[in-house]
Amino acid sequence: MKITITVENPTPEALEKLLALAAMPAAVVTSVPDDRWTPERARSYYDRLPPRAQQILLQVVEGEGECAADELKADGRNLRGSTGAFRRVLTEGKRTGLWPEALSVPLVSHIVGGQLKKLEMPGRGTEQYALPVFRDGLGGLRSSR
């Protein structure tokens with residue numbers, strides 16, 4: 001059996017009581033900071049993206065956390081409106097309480113001279129790097145390039 005409890009902004013007393021409960025024999029407690037992606041959050045996020053944004057996200061994951069804009073535009077595809085979905089879906093999920101406010105957008109655009117050069121997952125080399133988590137959450141899915 002798995003029980004998940006989400007507590008936003010707990011008081012010190014409430015947190016102390018929860019930790020005491022979790023300290024009971026045979027209890028297994030895991031904690032996910034509000035600013036971290038989990039495989040479940042990654043899959044939920046992916047499922048809410050429009051189809052083209054889903055393809056882009058998969059290409060970035062398959063590209064080890066980054067993908068050149070030229071590759072994303074291959075076969076005459078454009079990016080107009082697709083990249084805005086990443087922030088829009090995250091904002092909507094936060095507004096409806098699906099994801100915590102501190103969760104960061106998983107893809108950022110690199111623009112040079114007014115031109116999109118690549119999309120990448122920020123935070124490489126840090127605990128907040130989302131690539132391993134997205135790889136787990138989207139395992140088995142393949143982009144249709």
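Modeller: I begin with the chain as a whole, which is a predicted model. Among contacts in the protein chain with a separation of 6 or more, 63% are between residues 24 or more positions apart. The protein chain holds 6 helices and 3 strands, and from the N terminus on its elements follow the order α-α-α-β-α-α-β-β-α. Of its 145 residues, 34% count as buried. The accessible surface of the protein chain amounts to about 9,400 Å², and carbon and sulfur atoms contribute 53% of that area.

Strand β2 covers residues 108–112 and strand β3 covers residues 115–120; the two run antiparallel and are joined by 5 bridges. Within this pairing, I111 stands opposite L116 of β3. The hairpin has 2 residues between the strands, and G113 adopts a positive phi near 60° there.

Is E120 buried or exposed? Its relative accessibility is 15%, so E120 counts as buried, the limit being under 20%. The side chain of E120 forms a polar contact of 2.5 Å with the side chain of H110. When neighbours within four places in sequence are set aside, E120 is in contact with V60, G65, E66, P106, L107, V108 and H110. The residue V108 in that list belongs to the range of strand β2, as does H110.

Charged pairs come next. Side chains of opposite charge can pair when their charged atoms come close. The side chains of E120 and K118 meet in a salt bridge, with an N to O distance of 3.8 Å. Salt bridges with shared partners bring E66, K118, E120 and R124 together in one network. Within that group, the side chains of K118 and E66 form a salt bridge at 3.5 Å, N to O. This pair links distant parts of the chain: K118 is in strand β3, whereas E66 is in strand β1 (residues 66–68), and the two are 52 residues apart. How accessible are these two partners? K118 has 26% relative accessibility and therefore counts as partly exposed. E66, at 31% relative accessibility, is likewise classed as partly exposed. E120, by contrast, is buried.

How many salt bridges does a search of the whole structure find? The total is 8. R36 counts as buried because its relative accessibility is 18%, whereas E127, with a relative accessible area of 67%, is exposed.

To draw the picture together: β3 pairs with β2 in an antiparallel arrangement, its residue K118 has a salt bridge to E66 of strand β1, and its residue E120 has a polar contact to H110 as well as a salt bridge to K118.

Technical notes:
Residues numbered from 1 in each chain as written. Predicted model: local features only at pLDDT ≥ 70, side-chain atom pairs only at ≥ 80, totals over all residues. Heavy atoms only, no water. Pairing = 2+ DSSP bridges. Helix = DSSP H or I, 4+ residues; strand = E, 2+ residues; numbered from the N terminus. Buried < 20%, exposed > 50% of the residue type's maximum accessible area, 1.4 Å probe, protein only. Polar contact = N/O pair within 3.5 Å; in protein donor to acceptor, adjacent residues only side chain to side chain. Contact = heavy atoms within 4.5 Å. Salt bridge = Lys/Arg side-chain N within 4 Å of Asp/Glu carboxyl O. Areas by Shrake-Rupley, 256 points an atom, 1.4 Å probe, with all protein chains shown as cover.
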